[in-house]
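Subject: Structure handover

Hello,

Here is the structure for you to look over. My notes follow below it.

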Protein chains: 2
Amino acid sequence: MPTPTLLVLDAEPLPRLGRLTGHARIEHTDAEGLAARLPRADVLLVWDFTSRAVRDAWPGEGPRPRWVHTASAGVDHLMCPELAASDTVVTNARGIFDQPIAEYVAALVLAMAKDLPRTLQLQRERTWRHRESQKIAGSRAVVVGTGPIGRAIARTLEALDITTALVGRAPRPGVHGPEDLDRLLARADWVIAAAPLTEQTHGMFDARRFGVMQPSARFVNIGRGQLVVEDALAEALAKHWIAGAALDVFESEPLTPDSPLWQVPGLIVSPHMSGDIVGWRDELGAQFVELYELWAAGKPLENVVDKRRGYVPGH
Amino acid sequence: MPTPTLLVLDAEPLPRLGRLTGHARIEHTDAEGLAARLPRADVLLVWDFTSRAVRDAWPGEGPRPRWVHTASAGVDHLMCPELAASDTVVTNARGIFDQPIAEYVAALVLAMAKDLPRTLQLQRERTWRHRESQKIAGSRAVVVGTGPIGRAIARTLEALDITTALVGRAPRPGVHGPEDLDRLLARADWVIAAAPLTEQTHGMFDARRFGVMQPSARFVNIGRGQLVVEDALAEALAKHWIAGAALDVFESEPLTPDSPLWQVPGLIVSPHMSGDIVGWRDELGAQFVELYELWAAGKPLENVVDKRRGYVPGH
């Protein structure tokens with residue numbers, strides 16, 4: 001087999017590809033160069049997972065890579081009908097972000113329960129003001145999304161003695177189906193959105209769903225911004241339909257300085273960082289190298305995405 | 001037995017004592033009235049646990065209550081040589097604060113690991129700035145203090161996959177002695193002070209001990225302010241001997257607006273609230289009523305403090 005061409009869509013240097021020297025002809029491209037280079041590539045590594053360039057460039061003319069890997073858990077930014085219909089295999093970074101994101105969700109839940117944002121504000125004002133805070137042990141959470149990330153979140157919350165229900169696209173042992181969602185939302189202290197972005201999940205957290213939640217409930221989204229109708233969330237917070245929220249992902253990223261979301265009372269805004277621990281780029285690079293070695297040896301790939309569903313099925 | 005006189009040192013109304021109607025003659029006092037009323041009291045309930053009035057009033061003339069209960073875990077605010085030498089039994093609120101404080105420590109650890117204070121600051125500045133954060137799974141903690149609070153903290157950190165060592169006043173199974181402390185501090189990512197205030201623990205976190213810690217270490221104090229030499233901590237943070245700290249307790253409380261601690265970079269200041277969840281006053285009141293019923297029935301009390309040591313021994 002001639003040395004395959006590995007095309008890398010990147011916005012920044014990526015580590016660990018040195019191990020592929022001699023095993024791949026590595027070309028780099030930005031979004032503008034992608035369409036012209038796609039026909040020559042055997043493999044496409046989407047390192048810049050903030051880019052929507054693949055979705056734009058894929059439908060064009062010429063041959064297409066046989067394998068696309070994205071250094072992200074979600075594939076919504078690259079999937080298009082032409083790619084879904086093709087023979088190209090798509091893989092994702094399943095497994096890298098699970099534990100870090102679960103910890104991040106725990107950090108947000110605990111910060112809200114213990115009123116930490118207010119503590120930091122009072123510290124800036126040099127004001128000693130004792131308040132009562134909430135015990136999380138014995139509280140109830142609903143995690144929407146049953147992939148590795150959702151399950152890691154549920155494990156971590158359970159370890160903190162929070163009774164946690166998982167909701168997926170269909171009921172199965174240990175997982176509630178969508179028909180249970182509203183009933184679970186109505187009893188939850190914590191609602192965590194950790195689903196992939198699909199037709200079914202798009203906009204699922206809307207005014208009606210926030211209306212079902214308890215006034216004491218808090219909502220966290222570490223999945224995809226489009227799971228949430230942002231205006232409806234802002235209104236639910238303003239009207240005290242729910243007590244608080246934290247968003248790490250947004251309909252449009254990065255959030256621009258003029259976004260009203262920065263200043264919604266009771267809302268914590270963070271810049272899509274929940275899974276990105278020190279060393280994450282190394283882990284993503286090493287994971288791709290391992291997959292590449294499988295692929296080059298003709299072995300079955302892992303983390304293969306069901307392109308119609310938009311995620312890696314199983315469990 | 002004539003109806004005993006229960007003297008309550010309180011700064012605010014306290015709940016749940018209604019159940020003692022007919023079983024106790026309840027008198028209330030503030031700090032100024034305490035000395036005059038002490039000789040008539042059979043039982044003293046120290047509800048205002050911020051007050052040092054007991055320590056001041058106890059050495060005076062006349063009979064003294066046979067039992068003193070404090071609605072706090074620590075007894076340092078009321079203990080004096082005369083009380084320690086007397087036959088009076090002292091009990092504390094052991095058990096009420098354990099789980100809430102453990103959650104509070106987890107909240108601080110996770111907030112620091114995930115750089116949450118900086119996230120909130122950037123939100124105020126409407127600035128999207130992605131950063132890498134730390135994974136806590138696999139990190140190492142040292143908890144100084146092996147009472148119910150220290151052990152609850154250790155359990156909670158272990159549940160988050162943080163390898164946690166307990167340090168007490170003497171080595172025993174599962175607990176390190178003081179001779180191991182410096183070695184453990186030198187390897188710890190998280191150092192949690194949860195010891196009672198005693199002669200041995202007073203000022204134990206000083207410049208030398210902060211110097212032993214790793215530059216990446218973070219320090220949390222939810223025990224007593226006097227465990228820490230505050231100037232030494234401020235200097236350790238300024239010189240980057242350690243990476244961060246959070247204090248919920250202080251040498252002098254409340255912290256006054258002119259305290260330099262409010263503005264020490266890398267320091268989170270909170271107003272002695274770590275154990276105080278919604279409903280805590282009810283729990284403290286109910287706990288005292290249960291103890292009172294034991295005492296009135298002539299049964300042995302629980303939560304009896306070793307007055308020389310300054311805490312409830314055991315485990």
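The interface of chain A and chain B holds 4 salt bridges, a salt bridge being a side-chain nitrogen of Lys or Arg within 4 Å of a carboxyl oxygen of Asp or Glu. One of them joins E132(B) to R281(A), with the closest N and O atoms 2.6 Å apart.

The model is predicted: local features need pLDDT of at least 70, side-chain atom pairs count only at pLDDT 80 or more, and totals for chains, interfaces and linings use all residues. Residues are numbered from 1 along each chain as its sequence is written, chains are lettered from A and ligands numbered from 1 in the order in which they are written, and side-chain values use heavy atoms, with hydrogens and water left out.

In contact (heavy atoms within 4.5 Å) are 56 residues of chain A and 56 residues of chain B. On the side of chain A that touches chain B, 30 residues are nonpolar, 13 polar and 13 charged; here Ala, Val, Leu, Ile, Met, Phe, Trp, Tyr, Cys and Pro count as nonpolar, Asp, Glu, Lys and Arg as charged, and the others, Gly among them, as polar.

Chain A can be laid on chain B with an RMSD of 0.0 Å by a turn of 180° and a shift of 0.0 Å along the axis (least squares on the C-alpha atoms of residues with pLDDT of at least 70 in both). The two copies are therefore related as by a two-fold rotation axis. The same surface serves both, as 100% of the contact residues of chain A recur in chain B.

Regards
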